[in-house]
Amino acid sequence: MRTQLIAVVVALAGTTILTAQTPNRARADSIARADSIKIVRELEAMAARGSQQQPRQVGPTNPRLLPDISAVGDLIGDFSPKGSTQEGLERFSVREIELAVQAAVDPYFRGDIFLGISDLEGIGIEQAFLTATSLPWRLEARMGRFLAPFGKQNTTHRHDLHTVEHSYVVQRFLGEEGLKGTGIYLGRVFSPFGFYQEFIVTAVDRLGEAPEGLAAEEPANKKLSGLGYSARLRNYWDLSEATNIELSASAMTGRKEQPIALGVGPVDINATLARQTTAGLDFTFRWRPLQQGLYKSLIVQAEFMKQFNEKSPSLPTGVNATDYIGPTRNYSGAYLFARYQISRRTFIGGRYDWVQDPEADGVSLTAGNGLLEFFPSEFSKLTASLERRSLKGLGGTTRFLLQASFAVGPHKPHPF
Amino acid sequence: MSRNILLATLLAAGLTPGRPAAAQLRVVTSTTDLYDIAVQVGGKRIVAKHIGQGYQDPHFIEAKPSFVLELAKADVWAFVGLDLEIGWMPLLLDGARNGKIRQGGTGYLDVSKAIPVIDVPSGNVDRSQGDVHPLGNPHYWLDPDNGKRIAKLFEKKFIELDPAGEKEYAANEEDFERRLSAAEKAWAPELAKIKAKPVVGWHTSWRYFAEYTNMNLVGFIEPKPGVPPSPSHLAGLIQTMTRTGAKVIVMEPFYNRKTSDFVASKTGGTVLVLPPSVGGIKGVDDYISLMKYNVSKLAAAMQ
């Protein structure tokens with residue numbers, strides 16, 4: 001049936017081509033409009049004119065030592081039936097433009113800078129870090145701002161996720177765009193048991209972004225114990241040449257500003273510092289047969305996180321325990337995601353979310369999400385996502401989102 | 001416990017598991033073709049591994065962490081270059097944290113430096129042209145002259161890193177060239193059957209092979225490099241095949257042959273699935289076998 005359909009289309013298209021043959025247009029310096037064979041013919045002619053039969057010992061391809069500069073656009077359309085569910089309530093928005101500048105700094109370091117630009121937040125430093133590339137013992141060290149190596153999803157830029165948004169457990173526990181930190185990062189790859197393992201530790205200036213409108217008596221980072229610390233152990237196994245799994249664990253801790261009742265403490269103080277610790281497990285299964293890998297693949301991913309909150313933090317003088325209105329319980333959350341490739345450029349997938357929502361005092365938030373992804377090429381992606389989200393006892397919301405994202409320039413590949 | 005004792009014993013003896021006593025260099029290559037030529041030249045003085053398989057599209061290899069472990073131990077990282085591995089190589093090299101094989105390191109071996117590259121675009125290049133390689137066509141190993149150049153390059157690099165093996169590397173390289181030249185003489189009559197015959201390829205990966213065999217590539221299934229065909233492109237291709245008398249469509253085993261079969265059914269043509277690399281199909285286990293198989297199958301299809 002499909003072949004018959006193609007045959008009809010081909011026949012129609014062929015008729016069009018027969019009647020629409022036009023002379024080759026003159027192309028001064030570009031082969032942009034040519035097809036593969038025209039490109040080849042043009043290059044053959046160039047080779048005949050020139051001297052291409054010499055080994056490629058020409059000058060440098062980047063004589064000005066320019067860094068790789070690239071940009072990623074992330075566009076959102078929100079067609080939810082009861083109004084936009086975007087933060088700024090737009091139906092159409094440029095959610096973010098990411099500008100990346102990346103290069104080797106010298107024989108010892110490479111530099112990576114990612115700027116995020118959005119209507120809501122203006123321009124900001126998403127990531128900017130220096131990586132030491134010459135350390136012994138398979139060590140890697142970074143200094144700067146980076147995505148926290150916590151869990152699987154958080155180390156992927158939002159525009160490059162398989163879903164339109166981060167899972168709800170990541171959004172609620174780590175932040176809508178994931179968790180970043182500014183500090184130092186040390187990782188080591190090892191394999192004492194014959195499989196890949198990597199251990200990463202970080203120390204960052206603070207755990208998450210500073211909450212707006214909350215002021216404690218002292219900054220969270222005044223004491224070293226108030227910094228944000230994280231650790232992650234990755235374990236990876238090849239099950240066969242086509243399948244592999246990763247099972248990893250992460251933990252992080254730090255002190256954060258949490259609210260106290262207004263007017264009960266010292267003037268201008270409406271928060272106190274409380275320790276928050278989050279632990280997580282993540283699992284990823286991948287299947288991609290090598291020979292048919294252009295057309296078939298499957299990924300199944302799950303993460304579980306538990307957030308532990310200090311229940312009785314020290315409070316400013318004059319503030320009673322009953323005036324503390326920060327979180328006094330622990331929260332859990334998880335998601336399960338799967339995506340299957342049905343053709344060279346098309347994928348279908350779905351995600352189920354469950355989280356005890358800290359923003360709703362622990363009420364269970366559940367969401368089911370189905371998505372269709374289409375990749376015109378490696379550098380552009382169109383996604384349609386239908387989601388039903390419910391807060392237990394408080395009803396639900398249906399969301400329909402379209403996403404278009406694109407990359408221009410030599411954007412570095414994202415982590416496996 | 002006993003395993004730990006064994007490991008400790010081996011370490012105490014100055015041996016590393018996985019590297020035979022005679023081997024001096026640990027070599028990792030991006031493709032099976034480079035792997036085979038490296039082994040031919042390096043012989044017992046090297047231990048070699050390859051990242052990609054011959055039946056896999058080398059543009060789209062996954063940067064698995066297990067590859068990182070191989071690269072972390074490597075003395076030489078040999079890759080095709082010309083951006084063929086751009087989608088995955090940076091991740092592996094970053095992950096390996098091995099200064100020897102990073103750009104500028106003694107073991108960083110961009111094999112394309114030894115090759116007279118074809119299809120180097122001039123002027124403005126952008127992705128509206130598809131998955132174009134701005135530095136030129138990277139599928140150069142499908143020309144035996146380039147196979148010899150690759151062998152020479154390996155010889156030079158191995159001698160640089162392991163001078164004690166100079167005689168062995170030189171002898172191995174000479175032997176490889178001799179065997180390849182002899183094979184070329186043997187299949188020369190088959191090349192005559194291919195010469196100037198019109199052929200359609202799937203991807204521009206057959207350009208060097210066409211240069212070598214003098215087959216006449218009259219079209220490609222892909223409208224632009226890396227771009228799947230549209231119905232209108234296939235219609236044009238069918239007309240091209242009819243006009244030129246092309247009866248053979250050459251494609252790699254990792255593409256979906258339904259499209260080629262459809263075009264062949266409209267033109268009375270034949271679809272020829274040829275391995276683009278060593279190991280691309282069963283029985284094609286070394287570089288000379290690869291070239292021999294492709295030449296003989298194509299010549300047979302032309303009759």
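Predicted model: local features only at pLDDT ≥ 70, side-chain atom pairs only at ≥ 80, totals over all residues.
Trainee: Is the crossing of H8(B) and H9(B) left-handed or right-handed, and how many nonpolar residues are in their contact?
Mentor: For this pair of helices in chain B, the crossing is right-handed. On the side of H8(B), the residues are B:Leu234, B:Leu237, B:Ile238, B:Met241 and B:Thr242, and they meet B:Val263, B:Lys266 and B:Thr267 in H9(B). Besides 2 polar residues and 1 charged residue, the contact of H8(B) with H9(B) includes nonpolar residues, and these number 5.

Trainee: What is the radius of gyration of chain B, and how does it stand against the globule rule?
Mentor: Chain B has 10 helices and 8 strands. For its 303 residues the globule rule gives 19 Å, and the value for the chain is close to that, so chain B is as compact as a globular protein of that length; its radius of gyration is 21 Å.

Trainee: Which strands stand at the edges of the open sheet in chain B?
Mentor: The sheet is built from 4 strands with parallel pairing, in the order E2-E1-E3-E4. Two of these strands have a single partner strand each, so one side of each is left without a neighbour in the sheet; they are strand E2 (46–50) and strand E4 (108–110) of chain B.

Trainee: Which residue in E4(B) stands opposite B:Trp77?
Mentor: Strand E3 (residues 76–79) of chain B runs parallel to E4(B), and 3 bridges join the two. In E4(B), the residue opposite B:Trp77 is B:Tyr108.

Trainee: Turning to chain A, which residue in E15(A) is the bridge partner of A:Gly370?
Mentor: Strand E14 (residues 363–377) and strand E15 (residues 380–391) of chain A run antiparallel and are joined by 11 bridges, forming a hairpin with 2 residues between them. The partner of A:Gly370 in E15(A) is A:Leu386.

Trainee: Which residue in the turn between E15(A) and E16(A) has a positive phi?
Mentor: E15(A) is also joined by 11 bridges to strand E16 (residues 396–408) of chain A, which runs antiparallel to it, and across this pairing A:Leu386 stands opposite A:Phe400. The two strands form a hairpin with 4 residues between them, and the turn residue with a positive phi, of about 80°, is A:Gly393.

Conventions
Residues numbered from 1 in each chain as written. Chains lettered and ligands numbered in written order. Pairing = 2+ DSSP bridges. Left-handed = near helix turned anticlockwise from the far one by under 90°. Contact = placed C-beta atoms within 7 Å. Nonpolar A, V, L, I, M, F, W, Y, C, P; charged D, E, K, R; others polar. Rg over C-alpha atoms; globule rule 2.2 N^0.38 Å.
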